[in-house]
Amino acid sequence: MRTFLIALALLVVLALVPADLTGLGLPYPGLKRYGTYILTLWLVTAIAAMGVNLIVGYAGQETLAQAAFVGIGAYLTAIAGKHGVPFGISFAASGLLTFVIGIALGFPALRVQKHYLAFVTLAFSVLCWLVFRNETAITGGVMGLRDIERPILFGLKLRNAQTFYWFVLAITAVMTFVLWWIVQSPWGRAFTALRENPLRAESLGVDVRLYTLLAFALGCAYGGMAGSLYAPLVEFIDPSPFALGPSLLFMLMVVIGGSGTFAGPFVGAGVAVLLPEWLRAWETWYLLIYAALVMIMMALFPGGIVGLARVSVRKRQP
Amino acid sequence: MTDLLQLLIAGLATGAIYALAAIGFTLLWQTSQTINFAQGEFVMVPAFFALIAMKLGIPYVAALVVAILMSMLLLGAAFRYAVVGPLLNRGVLPLVISTIALGIILKESVKDIYSAEAQVFPTLLPDRNVTLLPGVTISLAQIGVLVVALITIGGLQWFLAGTRTGRQMQATAQNPTVARILGVPVERMILYTFLINAGLAAMASILVSPIYLAKFSNGETLGLIAFVAAIVGGFNQVRGAIAGGLLVGVLDNLAAAYVSTAYRQAIPLILLVLVILFRPQGLLGRKEERAV
Amino acid sequence: MTARLEVRDLSKAFGGVAAVQGVSFDVRDGEILGVIGPNGSGKSTLFNCILGQLLPSAGTVALDGSDVTGLRPSTLNRLGVSRTFQLLQVFPRLTVRENLILAGQEHRGSRLGRLFGARDAGLGPEADRMLEFFRLGALAHEQAGSLSYGQQKLLDAAMAFMSGSRLVLLDEPAGGVNPTMLAGLRDRLAEINRVGATFVVIEHNMEFVMSLCTRLIVLAEGRIIAEGSPAEVRTNAAVIEAYLGH
């Protein structure tokens, strides 16, 4: 119950962040268009990062293709939208398609040994990028796809940055709840077990391969659905944000936030979205600084920011 | 037919370079459970050591030696002690993440400090065509690459199989715990592995850069190909990585000639997927015990 | 007495080295069968082959008359075979109670049902009973990793019974457990056995084996060299030779 109230309060605060509250007599003018855009981007990134966290933090696997899955969702939604398919259908289809691809990639890779999934996803990531870039007739190639329409919800147009933000926030809330439910269920317990000691988990009847596969496919689906939101958010997509590099960054952001913790992906996505804004002056150096921070973090606090916060809270309460 | 032969030789030459990168990757994984996701960048960087050395006025061959030594120092010893060392007991994920981050750091450093442009890199032997058989002409540079790479691989094989240290390294790779009980100085063997990996990567860098030019972003492709070669060949042994490298090199060159350039890169990836589907232990690999 | 588990001509070789060679035996319903033998005699390899952790080079394993050779450990577990490991194998970051629930949950309902069902998969009361039975009640909400070695060993054993398995293979349950706790562990096992569970026990602690087991088989160099009641085995010349000859 307490968790529920905290979550609700958080949701209300998040909903109000971009809003102009001066009408209510509060000295808060809200966020400008760009600020709202960044906030929405943070939510979309966090959804994809939640998927990575499920794969990395809960199932103990590695994925190097999350950006590619985001790309699949984004292209599917953009292309379907141009043919008049309603957003709801593209959104569901993005999730379903990426889930199925996840099963197809994960099934053979997980038969072999640890780390094979990393290599298979790596290969898949590059293949996707080749398709996005080369299939000009469908994806627009390097020129990309322009003027992606934002969805219309029950006749309500979501063109406005703030309305679209609320729409994304609602979806994020639902997807967060779904993931929370999974992690709290006996499935979550099985995930923890197979990550800590797969051999023992297997001997207790936990079908390690199946659970890992499900976690991976679900994580991919979160990527696909994030992509489905990404396309109408940015309104223009080209292959570059779906290349291998961004997939690697997804791994880094989840670990920097705190892998295997529930808040980790949100914190990590926040860092990943905001850091380039703050370091704008050092544009070219940003990745270098980010990667160096990650390495230092791994050596000193492998639990990430959330892990670090927990430790410091615990220290203060003797 | 002669075309095919020329392609084959060119393929073996690039394949031998890929094998160098793949061997180091395999050795590192087996000896210290370090999966080096920065392997591609390890192959990209040494060429820039050589370029910097040449800019400082050091002659070509000496610059290559400098590049190899710098690589062993920074990508070997420093990598071992500054990056891998503190993380070895922290589980798999921190190390994986750290090597990914290291890859980004190397790539961005070269881009920001040296140049984002592709750099011309001198060849060992002049790029002149020689006639092997009537109608079959190939470039002298390619022969140079093939010979140097094969000598390196041969030397490594001799070292691993024919010397005491080499056999101790192999023992460490197969089972560190048993090796330690048998009195093998495991720590030193692990360091040697890191040095050898860096040395092999530097050799690969020197050989590959004249062909593909030296560019900060080369690591992505090179790393991917090294992984593919290692897995396709079979992870259990060095000869798997050699076979995998040669196979990928030949396929790559055939693909460049017969498949659209747009999808040339996809060929090794498709090979990887096929191998994992139908022969997951690799072409030369032994089936391991059940992986639970 | 019927055989719950039939092992026939089981062999396992690593490279050229034979760890287990042509081992055949039955585990009868309701007995506590001890497997003893010097270090390196193939006991753990035998266990791992029976339980699907390793694939046997030759031979068959049958459970209640049907062939289960080479099935995966999780499948075997769901068919009613549990095990413990020689080295400690609890999940240190789950609580004691969570460890027990995990050990039972894959036997309850469907996987999808568990996703939508209760958080404890309906195993709460049973976990609490098991906690009381193994005298771990006070530690229910401690992280398993914070328990003493002996307590973790008890938990490890308790986990093997959460699935309601009627055949349990215990790999050195007494190893590293102090004498006071050991007596408790033996009594618990004997009690569960009386209720109907069948055990196979690998153990080095002879006193423990002799007082717990109803029948013993003795392995040496991968073969069975003796079989019989504890008293018979104690006086068997081949057994004495195997233990003292090395």
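## About the model

The structure is a predicted model, in which local features need pLDDT of at least 70, side-chain atom pairs count only at pLDDT 80 or more, and totals for chains, interfaces and linings use all residues. Residues are numbered from 1 along each chain as its sequence is written, while chains are lettered from A and ligands numbered from 1 in the order in which they are written.

## Where chains A and B meet

Let's begin with the contact, to which chain A gives 38 residues and chain B gives 34 residues. Two residues are in contact if their C-beta atoms, placed from the backbone, lie within 7 Å.

On the chain B side, helices H4 (92-114), H9 (218-233) and H11 (266-278) each give two or more residues. Helices here are DSSP runs of H or I with at least four residues, strands are E runs of at least two, and both are numbered from the N terminus. H4(B) supplies the largest share of that side, with 13 residues.

## A covered strand in chain C

Are the residues of strand E3 (32-36) of chain C buried or exposed? Five of its five residues are buried, where buried means that 20 or more other C-beta atoms, placed from the backbone, lie within 10 Å of the residue's own. One side of E3(C) holds Ile32(C), Gly34(C) and Ile36(C), and the other holds Leu33(C) and Val35(C). In a regular strand, side chains alternate between the two faces of the sheet.

## Its neighbours

E3(C) pairs (DSSP finds at least two bridges) in the parallel sense with E8(C), residues 198-202, over four bridges. There, Val35(C) has Ile202(C) as its bridge partner. Four bridges also join E3(C) to the parallel strand E9(C), residues 215-220, where Leu33(C) stands opposite Arg215(C).

Definitions and conventions:
A residue is buried if 20 or more other C-beta atoms lie within 10 Å of its own, exposed if 12 or fewer, and partly exposed in between; C-beta atoms are placed from the backbone.
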